[in-house]
Every structure is written in C-alpha cells, then in structure tokens.
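Work through the exercises below with the sequence and the model side by side. Try each task before reading its solution.

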Amino acid sequence: MKKILLVDVGGTFIKFALSDGDGKFFEQGKFPTPKTGREDFIREIVNLAEKFSPEGLAFSMPGIIDPERGLCITSGALEYNNGFFVVREFEKILGIKVAVENDAKCAALAEVSSGSLADVQDGFVMIFGTFIGGTFIKDKKIYRGKNFSAGEVSFVFENLSDEPDLENFFGATCSTQGICNAYAKMKNLPENSVDGEIFFAAVNENEPDALTCLNCCTKKIAAQIFNLKNISDPERFAIGGGISSQTKFISAIQKNLDEIYSRCPVNLPKAEVVACKYGNDANLIGALQNFKSRKSLRQE
C-alpha cells in the first residue's frame, strides 16, 4: 500500500498522519513543535519519516510559502524557518518526493474540493491557531498575490494608535492563543497557562469572564470578516482550526456580525460564516492534495 506522510506544522504542535494517497488516514499523532532551531526541526521530521518509511512527504506550514520552489519565505512564529528551502532539503535527506504549502491554503484546498466551500465559486478560509491563517478563493482556485501573501490576515493592523508589532496584529489578539491569553489576563493567570480546552470549558459553563472574553474577541473577528466581505465579496467564510469545533465560537462570530449589519447605515451584502467541514484535519487533507499536484524537484 502506498504511504504518504502528511505533516501539519503549527506553532505549538506538529500533527501528522499516514495516508494511503487517496485520502484515507490510518495513523495519526502529534508532538511539540521544536522551539530551539531549524536543525532540531529537521531532526524531528527525519526521525518521523524514518519511522514510517513513506514514499512521499507533504507539509502544511505557517507563513508565506512559495510552493513552486518549495520555499518557506517566512514562517510565522517559527522564525528559524524563514528562507528555508523545505522541499530541496528534505528531498536531499530522505530521497523521496516532498511538497509544501501554507497551512491555511492547505485547508482551503480541502474545503473547496469536497468541504464547506464545495458549492461556491468564491470564498475565504480563516484558520485559527497560534496565529490566524487566511486564504482567498476565486473561481475555486487559491489567489496568492504577487508575493504569495494574499489572505495573510494575521498581519492586519488593528489600532493605528499602537505600534505595528506582533502583539498588536489581528493574528496575535484574536487567534486561539490570543483569545486564551486574553482570558488568562482577565483571571490574573500566567500567559500561555490557558489553552482552548480550558477556555471553552469555562465558556460552556457560562463563566462570566469567559463569556465576556469570547464576545470581545469574536466582535473583533466579525469586524474583520465584515471588512473582507466588502473588499472581495466572497460567497462564504469557512472557519477552521481546532477552535472551529466549538459551536459557541462560530455562533458568537455570527451574532456579532448580525449586530454590525443591524447598525450599519447602508444595506450591504451579508457575510455567511460556517465551520470548516474537515476541522482540525483540513490542513492535512489539503497537504495531500497539494502533494499530488506537484512534481518532485529532484526530477527537474
């Protein structure tokens, strides 16, 4: 049986799945993302590949990615991978075909093909994790922009009175990690001491601070969706990442969007918001689709 190793690199965890090449997963897992540098990152991936001996390796990675050259131009929170020719390096080490694509664009590939965007021509995918990935879909194809950075909503500047640093970008304040950190601050807890499970357990118990935090952050998210709808007019917004399985998260975004539209003095087309069909697996499924569409750079 054909074996393709799918690897979804996140700021906190690296998730992986072994696939038969047709979309079926028969082994999945995760481990902490190395924080110490590129050499340790390479070592962890090589060890994983040697464990399974796959015929191919497909990456979903954060940051601005050039999939044609297999280049990680920037890598979000994992700055040690900036300027990293991912495909060339791992094809040299492992001797197998390798492909790489941005994580949000991988999710978009999965959702456009058979997921929550399968029945629309134009859409926008927003993936919540350590930061927020975004992808424009135009005529069922990914729109990348000249520098492969179209849809990078993490770097939308929220407040002109603040400094343009990571702490003040949309991706820091309203990502899953940003929401959890905001809640920790409200509760006088150490930063990074709250994860999504802890936060949504509090939300589902109707804990007042958690509900206030959820409303505050989803109001900001709704405002950005409102802006994106007016800029590019996608038919539907698909929300992904582990947080997308929380129905109260999606409904809070929609509630705040409805409130914006109800107060808007102009009658504008309304944004439709849904959860990604493939949830936390969307990046892995899209990584496989990207892999199947690419040639090995060793053959060029």
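The exercises that follow concern a predicted model, and they go from the whole chain to single residues.

**Exercise 1. The chain as a whole**

Solution: For the outline, the C-alpha trace spans about 60 × 45 × 35 Å along its principal axes. Finally, turn to the contacts between residues at least 6 apart in sequence, of which 62% join residues at least 24 apart.

**Exercise 2. Surface and charge**

Task: Find what share of the residues is buried, what share of the accessible surface belongs to carbon and sulfur atoms, and how far apart the mean positions of the positive and negative charges are.

Solution: Of the 300 residues in the chain, 52% are buried. The accessible surface comes to about 14000 Å², and carbon and sulfur atoms account for 51% of this area. As for charge, the chain carries 34 positive and 39 negative charges, whose mean positions are 4 Å apart.

**Exercise 3. A residue in a loop**

Task: Locate N81, state whether N81 is buried or exposed, and list its contacts beyond its neighbours within four places in sequence.

Solution: N81 belongs to the loop that runs between β6 (71-72) and β7 (84-85). Its relative accessibility is 0%, and since buried means under 20%, N81 counts as buried. Once the neighbours within four places in sequence are left aside, the residues in contact with N81 are R38, F41, M61, C72 and S75.

**Exercise 4. Salt bridges**

Task: State how many salt bridges are counted, and compare the surroundings of the pair K15 and D8 with those of the pair D40 and R43.

Solution: Side chains of opposite charge can pair when their charged atoms come close. The count here is 13 salt bridges. In the pair K15 and D8, the closest N and O atoms are 3.5 Å apart; K15 is buried at 19% relative accessible area, and D8 is buried as well, at 4%. In the pair D40 and R43, the N to O distance is 2.4 Å, and the two residues stand three apart in helix α1 (residues 38-52), which means that about one helical turn separates them. Here D40 is partly exposed, with a relative accessible area of 25%, and R43 is partly exposed at 44%. Salt bridges also link D119, R236 and E272 in a network.

**Exercise 5. Positive phi angles**

Task: For N188 and D233, give the phi angle, and then describe where each residue is found.

Solution: N188 is not a glycine, yet its phi is positive, at about 60°. The residue is found in the loop between α5 (176-186) and α6 (196-204), where N188 is exposed, with a relative accessible area of 71%. D233, also a residue other than glycine, has a positive phi near 55° and sits in the loop between α7 (208-232) and β12 (236-240). D233 is partly exposed at 43%, and it forms a salt bridge with K229, with the closest N and O atoms 2.9 Å apart. K229, for its part, is buried, with a relative accessible area of 7%.

Note on methods: Residues are numbered from 1 along each chain as its sequence is written. This is a predicted model: local features need pLDDT of at least 70, side-chain atom pairs count only at pLDDT 80 or more; totals for chains, interfaces and linings use all residues. Side-chain values use heavy atoms; hydrogens and water are left out. Buried means under 20% relative accessible area, exposed over 50%, partly exposed in between (1.4 Å probe, protein chains only). Contact means heavy atoms within 4.5 Å. Accessible areas come from the Shrake-Rupley method with a 1.4 Å probe; for residues, only the protein chains shown count as cover. Lys and Arg count as positive and Asp and Glu as negative; His and the chain ends are not counted. The place of a charge is taken as NZ of Lys, CZ of Arg, CG of Asp or CD of Glu. Helices (H or I, at least four residues) and strands (E, at least two) are DSSP runs, numbered from the N terminus. A salt bridge is a side-chain nitrogen of Lys or Arg within 4 Å of a carboxyl oxygen of Asp or Glu.
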